[in-house]
Amino acid sequence: MMWNLLPSPVFFFPYLILTSAGSSSNSSSNSFSSSILGPECWDIFGFPLVNKRFAQHLIDNAEEYGQWSSSRYRDSRLKGGYEPVPTQDIHFNQFGFDKTWKEILRRYIAPIAEHTFPGYNFKGMATLDFIVRYTQDHQASLRPHFDASTVTAVVGLNQYGKDFEGGGTHFIRQKCIVRAEKVGTAVMFPGILTHQHEGLETTKGTRYIIVSFIDQR
């Protein structure tokens, strides 16, 4: 079972979250920081978010739950029942992690997003949050697409070059490839219009990531 974070956030969050930001939502935005991932990777920012224990626990819980989607266009979990860019995934609300993750978004990702993108007001009212699994024997890659979000956050849960080979996110217009060099690093970028991207083929092993569509369109 996933940890129930909400009753004791003061104890839980500092133990699992690696970002230097304070745990209080009232903290000054100046204490939150992210870094651009390279001169060609404009408006693509990275920051440490969770540690290896958190990442492994989430993977273990998802695999124990086991109800991975078929990565087909018809998806009864979604309003309208259709997914234009399907992945093999499990939504956080399927195994009771959605409220906890929304608290992580509010406490940690929201201040970073607002500081990184001046003028952006993080609402977080409509988010779609899920864990994705890429494998050679089911779905190894994802075609170029835009996300239906104002901001997207992607968190690598296991190690490139150790747990899997290949993979990564290719931002087409920016000619930028981002891979999980460190477990628990979050990558944040605008979801629509400017940042078309694709999931590169995972050639060996299994790649796990968290995806959050924040302020979904």
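Two strands are taken to pair if DSSP finds at least two bridges between them, and the strands themselves (E, at least two residues), like the helices (H or I, at least four), are DSSP runs numbered from the N terminus. With that in hand, His 91 turns up opposite Phe 130 in β4. The model is a predicted one, so local features need pLDDT of at least 70 and side-chain atom pairs count only at pLDDT 80 or more, while totals for chains, interfaces and linings use all residues. Residues are numbered from 1 along each chain as its sequence is written, and side-chain values use heavy atoms, with hydrogens and water left out.

Strand β3 (residues 89-91) is joined to β4 by 3 bridges, and the two run antiparallel. β4 also pairs with strand β12 (residues 202-216), again in the antiparallel sense, over 8 bridges; here Asp 129 has Ser 212 in β12 as its bridge partner. How much of β4 is buried? The count is 8 of the 8 residues, so β4 is largely enclosed by the rest of the structure (buried means under 20% relative accessible area, exposed over 50% and partly exposed in between, with a 1.4 Å probe and protein chains only). Leu 128, Phe 130, Val 132 and Tyr 134 point one way from the strand, and Asp 129, Ile 131, Arg 133 and Thr 135 point the other way.

Next come the aromatic rings. A search of the whole structure gives 13 aromatic pairs, where rings of Phe, Tyr and Trp (its six-membered ring) pair if their centres lie within 6.5 Å, and planes under 30 degrees apart count as stacked, over 60 as edge-to-face and the rest as tilted. Phe 45 and Phe 117 make an edge-to-face pair, at 5.6 Å centre to centre and 90° between the planes. Phe 45 sits in strand β2 (residues 45-48) and Phe 117 in the loop between α3 (98-116) and β4 (128-135), so the pair ties together parts 72 residues apart in sequence. Phe 45 is buried at 13%, and Phe 117 is buried too, at 14%. Tyr 73 and Tyr 82, by contrast, are stacked, because their ring centres are 6.0 Å apart and their planes at 15°; Tyr 73 is partly exposed at 41% and Tyr 82 partly exposed at 43%. Phe 54, Tyr 65, Phe 92, Phe 95, Phe 97 and Trp 101 form one aromatic cluster.

Finally, the backbone. Asp 43, though not a glycine, has a positive phi of about 60°; Asp 43 lies in the loop between β1 (35-36) and β2.
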